Amino acid sequence: MAEVRQAVIRTELPLPLYKRGKVRDLYQVGDDRLLVISTDRISAFDVVLPTPIPEKGLVLTGLSVFWFERTARIVPNHLLSFCPHLGIPALEGHPELVGRSVLVRKARVVPLECVARGYLSGSAWKEYVSTGSVSGIRLPPGLVESERLPEPIFTPATKASEGHDENIPREEAASIVGDPGLVRRLEELTLTLYEEASAYAETRGIILADTKFEFGLVDGVLVLVDEALTPDSSRFWPAGAYRPGGPQPSFDKQYVRDWLDSSGWDRTPPAPELPSEVVARTREKYREAYSRLAGEELEAWVARAGGTQVSP
């Protein structure tokens, strides 16, 4: 295992701060561009935890770039550069931000979480147990937790600035967006992206159980924004360990959620500190997700983002 880099918890750059999210710090660069920096903060149950996961932001950025490049033929995205330090003076003298910073086009974000599910897990499982449906979609009776669905489904969710996102029917999504045609296009893109990524992940020994996307408009063109197919936005399961009928081992932050649940925390702030062994194991899971999917070690991504050529 490579030497652990020091965690990046918060950035302070001499640029106008556009937004500080749960994980990302966004800075304004001119009128139509944003500098997006993925920190090592981690959130669970909509609460930012006091303990960071070193290198997590590198994994989120590297995998997002990997998928942006792989899916650009399906839908354009907001990425302009993954080497912004080469053109933004404010990043000079901040080598710790290489590999976790991207320059993107500023978009008018569609206020929906666009979720694709190929397996019955998480909030979808809970909703199915209660109602037999997910986001208004009736599912066959008798399904078990983590079972593969007959076909992937689109389950939009509210994009809550505070509190929990909630699964909603497509009709409600159309009401929020104000354009049923746009929601149909979002559903088509979400499922196409999921099927493309799921098929690829299977070749790498990973099941993509579900994932969420965000979209925005740039000059009237629909583009993929935020992150894509990372351990923060997806459930990744090792295919060799898949056993339907209960929770699955994962490469995402479910490990952290499970520890928090076992700790007795009531999911209201403040969250407890994570033990060192949970931090170390979560870091390993994120790094393994990157190496399996991208086909290279995380250090190769950081070198490339730094403008260094790396031999395959």
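The buried residues of helix H7 are Leu298, Ala300, Trp301, Val302 and Ala305, and they pack against H1 and H6. Keep in mind that this is a predicted model.

**Helix packing around H7**

- Two packed helices are described by the angle between their axes and the distance between the axes.
- For H1 (residues 56-71) and H7 (residues 298-305), that angle is about 75 degrees, and the axes sit 10 Å apart.
- H1 and H7 are therefore roughly perpendicular to each other, since angles of 65 to 115 degrees go by that name.
- On the H1 side, the contact is made by Leu58, Val59, Thr61, Gly62 and Val65; H7 brings Leu298, Trp301 and Val302.
- Sorted by type, the contact residues come out as six nonpolar, two polar and no charged.

**Nonpolar cores**

- In soluble globular proteins, nonpolar side chains tend to be buried together.
- Here the largest nonpolar core has 76 residues, and Trp67 and Phe215 are the ones that touch the most other members.
- Helix H4 (residues 180-203) supplies the largest share of that core, with 10 residues.
- There is also a second, separate core of 11 residues, with Tyr27, Val29, Ile37 and Ala90 among them.
- What does Phe215 touch once neighbours within four places in sequence are set aside? Its contacts are Val109, Val110, Cys114, Leu186, Leu189, Thr190, Leu193, Leu222, Val223, Leu224 and Val225.

**Salt bridges**

- Side chains of opposite charge can pair when their charged atoms come close.
- The structure has 25 salt bridges; three of them get a closer look here.
- Arg287 pairs with Glu55, with the closest N and O atoms 3.0 Å apart.
- Arg287 is in helix H6 (residues 276-294) and Glu55 is in the loop between strand S5 (47-48) and H1, so this bridge ties together parts that are 232 residues apart in sequence.
- Glu196 pairs with Arg73, and their closest N and O atoms are 2.7 Å apart.
- That bridge also links distant parts of the chain, with Glu196 in H4 and Arg73 in the loop between H1 and strand S6 (79-81), 123 residues apart.
- Arg73 counts as exposed, at 62% relative accessibility.
- Asp210 pairs with Arg235, with 2.9 Å between the closest N and O atoms.
- Asp210 belongs to strand S14 (residues 206-218) and Arg235 to strand S16 (residues 234-238), 25 residues apart; both residues are buried.
- Salt bridges with shared partners join Arg5, Glu55, Arg283, Arg287 and Glu299 into one network.

**Backbone geometry worth a look**

- Most residues other than glycine have a negative phi, and most peptide bonds are trans.
- The peptide bond from Pro269 to Pro270 is cis, with omega near 0 degrees, and Pro270 lies in the loop between helix H5 (254-263) and H6.
- Arg267 is in the loop between H5 and H6 too, and has a positive phi of about 70 degrees although it is not a glycine.
- At 34% relative accessibility, Arg267 counts as partly exposed.
- Leu229 is another non-glycine residue with a positive phi, near 55 degrees.
- Leu229 is found in the loop between strand S15 (221-225) and S16, and is buried at 1% relative accessibility.

**After H7**

- H7 is followed by Gly307, whose phi is positive, near 90 degrees.
- Gly306 also has its place in the segment after H7 and is partly exposed, with a relative accessible area of 28%.
- Which residues does Gly306 contact, leaving aside neighbours within four places in sequence? They are His85 and Val98.
- Gly306 and Pro95 are 211 residues apart in sequence, yet their C-alpha atoms are 8.5 Å apart in space.

Conventions
Residues numbered from 1 in each chain as written. Predicted model: local features only at pLDDT ≥ 70, side-chain atom pairs only at ≥ 80, totals over all residues. Heavy atoms only, no water. Axes fitted to C-alpha atoms, helices over the stretch in contact; angles between N-to-C directions. Helix = DSSP H or I, 4+ residues; strand = E, 2+ residues; numbered from the N terminus. Parallel < 35°, antiparallel > 145°, perpendicular 65-115°, else oblique. Contact = heavy atoms within 4.5 Å. Nonpolar A, V, L, I, M, F, W, Y, C, P; charged D, E, K, R; others polar. Core = buried A, V, L, I, M, F, W, Y, C linked by side-chain atoms within 4.5 Å. Buried < 20%, exposed > 50% of the residue type's maximum accessible area, 1.4 Å probe, protein only. Salt bridge = Lys/Arg side-chain N within 4 Å of Asp/Glu carboxyl O.
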